[in-house]
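This report walks through one protein model, from a single residue out to the whole chain. Keep the structure open as you read.

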Amino acid sequence: MAGVNKTGDFQDLLPVMADKLGGEGLITELCNGFELLMDKNRGVITMESLKKNSAFLGLQDLGDDELASMVREGDLDCDGALNQMEFCVLMFRLSPRLMEESQLWLEEALEEELKNAGF
């Protein structure tokens with residue numbers, strides 16, 4: 001999962017996890033991360049649950065504005081919280097290398113489909 005190292009620099013760990021765990025293993029770990037951060041009563045990640053549980057990700061030094069910004073960034077349905085899918089999408093969006101690899105996988109799949117369709 002993406003994190004912050006001791007010097008405060010962003011460290012993209014998702015590609016490393018993907019390489020070691022494979023696609024299915026990575027999704028399982030993202031789901032585990034969601035469970036760790038979510039509000040147990042509501043089943044979503046709220047600003048409050050993120051603030052309460054942020055130390056699990058090494059984000060305890062982030063301010064309220066930064067945490068709220070993270071929730072807003074991933075909140076695709078504008079309900080003020082992150083469901084599991086929104087959280088996973090956000091984690092991929094925050095991982096530049098995985099986004100690049102996803103684009104390549106998509107292009108390869110499209111080329112294969114076009115080739116199979118006779119184009």
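Leu50 is found in helix 2, residues 47-53. Helices here are DSSP runs of H or I with at least four residues, strands are E runs of at least two, and both are numbered from the N terminus. Is Leu50 buried or exposed? Leu50 counts as buried, because its relative accessibility is 4%. Buried means under 20% relative accessible area, exposed means over 50%, and partly exposed is in between, using a 1.4 Å probe and protein chains only.

Which residues does Leu50 touch, leaving out those up to four places away in sequence? They are Leu37, Ile45, Leu67, Met70 and Val71. A contact is a pair of heavy atoms within 4.5 Å. Asp39 sits eleven residues from Leu50 along the chain, and their C-alpha atoms are separated by 8.3 Å.

## Basis of the model

This is a predicted model: local features need pLDDT of at least 70, side-chain atom pairs count only at pLDDT 80 or more, and totals for chains, interfaces and linings use all residues. Residues are numbered from 1 along each chain as its sequence is written, and side-chain values use heavy atoms, with hydrogens and water left out.

## The two sides of helix 3

Helix 3 covers residues 64-74, and its residues Leu67, Ala68, Val71 and Gly74 are buried. They lie on the same side of helix 3, because they cover an arc of only 135° around the axis. The arc is taken over the directions from the helix axis to the C-beta atoms. An α-helix has 3.6 residues a turn, so residues three or four places apart point the same way.

On the other side of helix 3, Asp65 and Arg72 are exposed. The cover over the buried residues of helix 3 includes helix 2 and helix 4 (84-93).

## Helix 3 against helix 4

Two packed helices are described by the angle between their axes and the distance between the axes. For helix 3 and helix 4, the axes come within 9 Å and cross at roughly 105°. Axes are lines fitted to C-alpha atoms, for helices over the stretch in contact, and angles run from 0 to 180 degrees between N-to-C directions. Helix 3 and helix 4 are therefore roughly perpendicular to each other, a label that covers 65 to 115 degrees.

Which residues meet here? Met70, Glu73 and Gly74 in helix 3 meet Glu86, Leu90 and Arg93 in helix 4. Met85 also has its place in helix 4. Met85 counts as exposed, at 59% relative accessibility. Met85 and Cys31 are 54 residues apart along the chain, yet their C-alpha atoms are separated by 9.0 Å.

## Cysteines

The cut-off used is a pair of cysteine sulfur atoms within 2.5 Å. The cysteine sulfur closest to that of Cys88 is in Cys31, at 4.8 Å, too far for a bond. Cys88 counts as buried, at 10% relative accessibility.

Cys78 lies in the loop between helix 3 and helix 4. Cys78 is exposed, with a relative accessible area of 68%. Cys78 is not a glycine, but has a positive phi of about 60°.

## The whole chain

The protein has five helices and two strands. Along the sequence, the pattern is β-β-α-α-α-α-α. Of its 119 residues, 32% count as buried.

Take the contacts with a separation of 6 or more: residues 24 or more positions apart account for 40% of them. The accessible surface comes to about 7800 Å², of which 55% belongs to carbon and sulfur atoms. Accessible areas come from the Shrake-Rupley method with a 1.4 Å probe; for residues, only the protein chains shown count as cover.

Note on methods
Angles under 35 degrees count as roughly parallel, over 145 as roughly antiparallel, 65 to 115 as roughly perpendicular and the rest as oblique.
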